[in-house]
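Please follow this explanation with the sequence and the structure side by side. The paragraphs below proceed from one local feature to the next.

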Amino acid sequence: MKGIARGFLPSRPNRVLVLGSGPLQIGQAGEFDYSGSQALKALQQEGVFTVLINPNLATVQSGEDLADRVYSLPLTPHFVEQVIVQEQVDAILLGFGGQTALNCGLALEAQGILERHRVRVLGTPLSTIRITEDRQLFIDSLAAIGVQCARSRAVTHPEDALAAARQLGLPVILRAGFALGGQGSAMVREEAALAPAVERAFQSATQVLVEESLEGWKELEYEVVRDAEDNCVVVCTLENVDPLGIHTGESMVVAPCQTLSDHDHQLLRNLALRTIRHLGVVGECNIQFALDPRSDAYRVIEVNARLSRSSALASKATGYPLAFVAAKIALGYALPQIANAVTRSTTAFFEPALDYVVCKIPRWDFDKFEGARPQLGPEMKSVGEVMAIGRSFPEALQKALRMLEIGVDGLDPEAYPFPDPAAVEEALVRPTPRRPFALARALRDGMGVARLAELTGIDPFFLHEMERVVQLHSSLRRGELEALSAGRMRELKRAGFSDRGLGRALGAEEAVVRQRRLALGVVPGLAQIDTLAAEFPAQTHYLYLSYAAEGNDVVPLGPAARRVLVLGSGCYRIGSSVEFDWCAVQAVAAARELGLQTVLLNCNPETVSTDYDVCDNLVFDEISLETVLALQQALPFQGVIVSMGGQTPNNLALKLERAGVPVLGTTPEAIDSAENRSKFGALCDSLGIDQPRWTEVRSLEDLPRTVENLGGFPVLVRPSYVLSGAAMRVAHSDAELRDYLARATELSPEHPVVVSRFERHAREIEFDAVADQGEIVHWAICEHLEYAGVHSGDATLVLPPHGLYLDTVNRVRRIAARLAQALRVTGPFNLQLLSRHHEVKVIEANVRASRSFPFVSKVLGTNFIREATRRILGGPPGTEPGANPLELDFYAVKAPMFSFRRLAGVDPVLRVEMSSTGEGTGFGWTAEEALLKAMLSTGFRLPTRGVLLSLGPVGDKYRFTEEARELVRQGLRLYATLGTAEILHAEGLPVVAVDKEGQDSRLKDATALLRSGAVDLVINIPRDYGEAGRPDGFRIRRAAIDLDIPLLTDLRLARKVVWALGRCPPQALEARAWTDYRGRRPR
Amino acid sequence: MNLLLSDGTCLTGESFGAQREVRGEVVFSTAMTGYVEALTDPSYRGQLLVLTQPLQGNYGVPSGPFESVRIQVQGLVVSHYSPNFSHHAAVRSLGDWLRAERVPAICGVDTRALTRRLRESGTLEGALTEGRSPQALRDAEGVPMRQVAEVVTPGEVVRLEGGSGLSLLVIDTGAKENILRALHSRGATLWRAPFHHPWERLLDRVDGVVLTNGPGDPRDLAPLVERLRAGVLARGMPVFGVCLGHQLLALAAGAETYRLPYGHRSHNQPVMDQLTRRAYLTSQNHGYAVRESSLPADLEPWFVNLNDGTNEGLRHSYRPWRSVQFHPEAASGPQDTGWLFDGFLRMVGELRQA
Ligand SMILES: Nc1ncnc2c1ncn2[C@@H]1O[C@H](COP(=O)(O)OP(=O)(O)O)[C@@H](O)[C@H]1O
Ligand SMILES: Nc1ncnc2c1ncn2[C@@H]1O[C@H](COP(=O)(O)OP(=O)(O)O)[C@@H](O)[C@H]1O
Ligand SMILES: [Mg+2]
Ligand SMILES: [Mg+2]
């Protein structure tokens, strides 16, 4: 930073509005919490007043310490305008909240809102954004400077799309404009698939690009930063291992690019700079290229003129804080005026040099959705990703595969039992999440690299590297361990084999492998990511482990007692996402408040916790026993906190303790008594705590007796040590039960599976608390608006629990106190309970932070995680406790966000296994107001035309008549499927009957009705929570999802929504900062 | 095979190049692409090159273009070598090429740890050898660094006809081919003369002079500096210096040069144009620099390194002399400063008209 004068900054804004990305959904996940948080930090540093709108309270950015004012409101022009006026905002940032913020910005402009209130758009101008989002404008713009795009036609009518496709000739790819994560995009290879694909594409977009298919070309992404003075750098290059045709978000990706020569790289780099300068991006953007593997031919695929999933990955891969720098640029800084955050002695005007290789792999959760097709293509379906760092591709690749936590030890040819070579070939040609293992299998079975490259389009370079791993794997012999030389051990470890994986192949315990390895002197080095490949010393401790690194780049400061290790959440997946990242960030902050040095271990590039300025030592690596033991040597710590990162660290507790690593807080033994469903059941019995009747299943022989003892079907199958109800099913028959039991034991073979009585029409209660040596010190209680049977992660939660008797609340508290005592809990814990009339039964206890901790902490004003961490570390309590959950004078509701639209063919019905991908929170003076705001923030829209009712169970049909009357009173037209219509008709309600299955020619088909646009809310209550086949009404539910019509499937919630609609007209939904609700009286 | 350093360090790796024992100055480059260009860059003559990006050899070796007719480095040290390359332009593997050119190389070395050591202790002598003793280091074959003449090819004057009517004398001290390509592709007729050739005779026939890059300490070329002062500067001819050429221009104009602790060798060196305040990323490979405090009046700093503040370019306030420490011809590295060639040729053209 020598000789740089602080340059001239153009008129600096006073009050800046930042739009967040809202609830997490497929295609748009935690990465925007990271980019938004960085932007807020950058603005804060400049003393700019910041206002944030983000209804996702599970994020770090929505906390009280980053933005000056935070609104938990839907990201719609209606609410944003109110905030603009109220906060007297004079500038807005649109690039930090993903597609949601960008599209909201375009809408604000189109409605004249920005102009009306004189709000300046900082950073990349809206005119540029429009060009990059409109596929046709984009192609025209690039043509003007001679930069090539694929042959294509942008169309706005389905007929034109068909014509364009025929003119271009199949195969073609359909690409939706203004869309998120390739929503609606599809590769069309044969004529028969064309019309349906066109229809689907137009369901999510008004503009579709029909384009020649470049399947098989290399796909590369360049992350470019440009300042207003036209200084421009390419911060990171990313190479997709999966070639064009598979969305970058669905691809295995490496950084930096590995198969490009300098000639290739400079070609693309020059194109990137030329394009970005021409478009006039100010800040950060991502440009995607296709490169012909046989020549210098290239095409530009697209430019994202905003922070993106890839930019978060690039930031983590390089140590270059793209979002932070982009925010500074938006304020008028030039790159050379911004410090390099890692070296602190150089500037942000440079291109990082990497002395390692990074591998990213997405994680999919297809198993969670009945009926999902696990096919990968140009549309995003993954729910999370991991990033691994190594000194070779094999090391990074194998680490990344383990980080996914899908039960593999690396690139194992045996990972999946492909029945025959044909199945392997199928998995190669039609990619699914299993493709890496199909590759391994094919390589092992002698299908050469050349043939594989032909089948998959994957560059032979990567295949050769994989082949080396497979060869090493095949060379391992049982019983070989004792004979293993140091050289061979080193070779294996450098190729990314874990101790556990080696143990499995060699027939030895992980601990034995480890001993042998240590005896041979093979240990990993702790290396630093410093952005300049060691050319300059780094001031930050951003670290990873590699067996190719000799020695450690950093030395521990001070004794172990001064340091604590916090385990992060790992990969995001259904059931575990940004909420646990919030917890990890809070835990680290609390430890730092106590004067301790923190070490944070995580492997998820989408997180804030992996921002290196959050903790003292960030270790970006696998969350495993092997890593923790290595860290214990390299950065000795007093102990490890396992209760903040959700299920992943929690599951390590016992193993860590057995290996001699002190686990802080609640003892691993106590954790086990809660996680192990059988032990927990026994514990409750001994404490006299009521539970739904349950039994552990040891053999399949006396199943009928077991079911009889539980009171008959339906029963619930529940494996232990799982999150989000994985493999949990309601069985209605003997056959179902056997099937589900088999699946459950496959998922969690080391732990017991229990079967419980399924309680119908019960309320579900969520109890979150912090305890200190068994004494509860903070607590919160939420009520579910759905009946039990909808997984707590998919449920709508309300705080305070206005529907519970005081007596019920007291019972819950007594049960919690008894359990906390019995388990001597120190730290966070969570209980889930059922109540019916005055009975309260416990379903489960999680002796760790739960999904609802950020929600209750923010609503009550007590940071449960910071308090829990202080107790775990033996520190004094922190701030004054906030509100008592029963004395709140406002309401907060947390509603689930689903991503069913992306998962064609999946039944969007709620079950005991979780399927939501995110959450949104609403506040209000009434529960109704809070409910509607929460739902609006998750994509719900207020109905204005008509409602289609299809209420399965007869009882429900009657139970809904008052609500139906209310809908009519609200001026909505009622449509109903035949049975429902008859009952409502008998009640004297005007209702149009439609046909459910489209077979009765006398009635209008329900899906045709939906397509006609007459209906803007569908209430469909499936006949049962059964899953044998599909509960009826699937056609209606699926059509509602595909047509983006709000859908409710739980009777209790539907009733609440109807009354809320009546009592809270849109103008009554107030825009108010969420912190303003606390401690204030209603107006 | 071992990498033996003069401070006694011995790192063992696997050989993937020629079986020869060589000695040289150990330098590191943080460039992530461009091993083909780097290995043939004459500025690396006599040095053992350490690459910090661990994966090398991935895209093999093409049939050309190269930066000179042979591999120049004395030896190569990498972390992970990929024998199975993949690229449409590749004709052989990196290892095959190294063996064919009798250049030794090792992989399996932690090049990051090695780089840290070089950063901390400054550039060291080292050897690639099977031995481990100080004697082994001395026994290994080195290149006498004063004989830069060796790297200058061809050994006589070559004329490259251009179309623009401008002609330039390129005084070759170990030029990268791309400097010549950059000038020639812009239309200049080039007279490429080895620096030890009596090129003074050609000065009447050309419109300007280009001083190129090359290996070693510029002060070892004192006779050349003297000839430049008397022959070129005294006539007030347009001069453009690149890298070593920049240092030679500075010396000839009366400034000093000095040795950097571990040099600049990378693709990401940020420099700032002092006139426009614009910043550029540049490709660099040098171990010596011009001492800014020693600049004579009227020779002004043009570019400054944003990382460490060292001088990166000079311009004379009224004479047509320009020079840059970095490589505007790139190959390998970013091509963001290619406009410097345009600028120089424009200046030469204008002066000719005048
Ligand atoms: N012409 C094409 N041929 C083949 N595949 C393509 C083509 N264009 C795009 N794709 C694939 O589709 C994916 C998604 O397209 P893109 O327009 O980038 O969607 P998004 O805007 O959601 O990122 C790309 O990542 C690429 O793999
Ligand atoms: N006995 C039961 N009767 C009815 N519903 C139940 C019963 N047990 C669990 N559930 C439902 O199943 C969901 C998941 O069960 P839970 O044991 O909490 O799994 P997880 O550990 O994955 O959260 C609960 O949120 C609840 O809605
Ligand atoms: Mg894309
Ligand atoms: Mg639960």
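Pro171(A) is found in the loop between helix H7 (158-168) and strand S7 (172-176) of chain A. In this predicted model, the peptide bond that leads from Leu170(A) to Pro171(A) is cis, and its omega is near 0°. A cis bond also runs from Ala255(A) to Pro256(A), with omega near -10°. Pro256(A) has its place in the loop between strand S12 (253-255) and helix H9 (262-279) of chain A.

Asp230(A) has a phi near 75°, which is a positive value in a residue other than glycine. This residue lies in the loop that joins strand S10 (218-226) and strand S11 (232-240) of chain A. Is Asp230(A) buried or exposed? Its relative accessible area is 18%, and because buried means under 20%, Asp230(A) counts as buried. Glu405(A) likewise is a residue other than glycine with a positive phi, here near 55°. The loop in which Glu405(A) is found runs between helix H12 (393-403) and helix H13 (421-429) of chain A. With a relative accessibility of 33%, Glu405(A) counts as partly exposed, since that class covers values between 20% and 50%.

The next topic is a pair of helices. Helix H15 (residues 449-456) and helix H16 (residues 460-475) of chain A have axes that come within 9 Å and cross at roughly 130°. That angle makes H15(A) oblique to H16(A). The crossing in which H15(A) passes H16(A) is right-handed. Which residues make the contact? From H15(A) come Val449(A), Leu452(A) and Ala453(A), while H16(A) supplies Pro460(A), Leu463(A), His464(A) and Glu467(A).

The explanation now turns to the metal sites. The magnesium ion (ligand 3) is coordinated at 2.1 to 2.7 Å by Gln288(A), through both OE1 and NE2, and by Glu302(A), through OE. Gln288(A) belongs to strand S13 (residues 283-291) of chain A and Glu302(A) to strand S14 (residues 298-304) of chain A; the pair, 14 residues apart, links distant parts of the chain. Both Gln288(A) and Glu302(A) are buried.

His778(A) has its place in strand S28 (residues 775-787) of chain A. Its relative accessible area is 9%, so His778(A) is buried. What does His778(A) touch, when residues up to four places away in sequence are not counted? Its contacts include Asp768(A), Ala769(A) and Val770(A). Among the others are Thr862(A), Phe864(A), Glu867(A), Arg871(A) and Pro881(A).

Technical notes. Residues are numbered from 1 along each chain as its sequence is written. Chains are lettered from A and ligands numbered from 1 in the order in which they are written. This is a predicted model: local features need pLDDT of at least 70, side-chain atom pairs count only at pLDDT 80 or more; totals for chains, interfaces and linings use all residues. Side-chain values use heavy atoms; hydrogens and water are left out. Axes are lines fitted to C-alpha atoms, for helices over the stretch in contact, and angles run from 0 to 180 degrees between N-to-C directions. Helices (H or I, at least four residues) and strands (E, at least two) are DSSP runs, numbered from the N terminus. Angles under 35 degrees count as roughly parallel, over 145 as roughly antiparallel, 65 to 115 as roughly perpendicular and the rest as oblique. A crossing is left-handed if the near helix is turned anticlockwise from the far one by less than a right angle, and right-handed if clockwise. Contact means heavy atoms within 4.5 Å. Donors are N, O and S atoms within 2.8 Å of the metal (3.2 Å for Na, K and Ca); water is not among the atoms, so sites may look incomplete. Buried means under 20% relative accessible area, exposed over 50%, partly exposed in between (1.4 Å probe, protein chains only).
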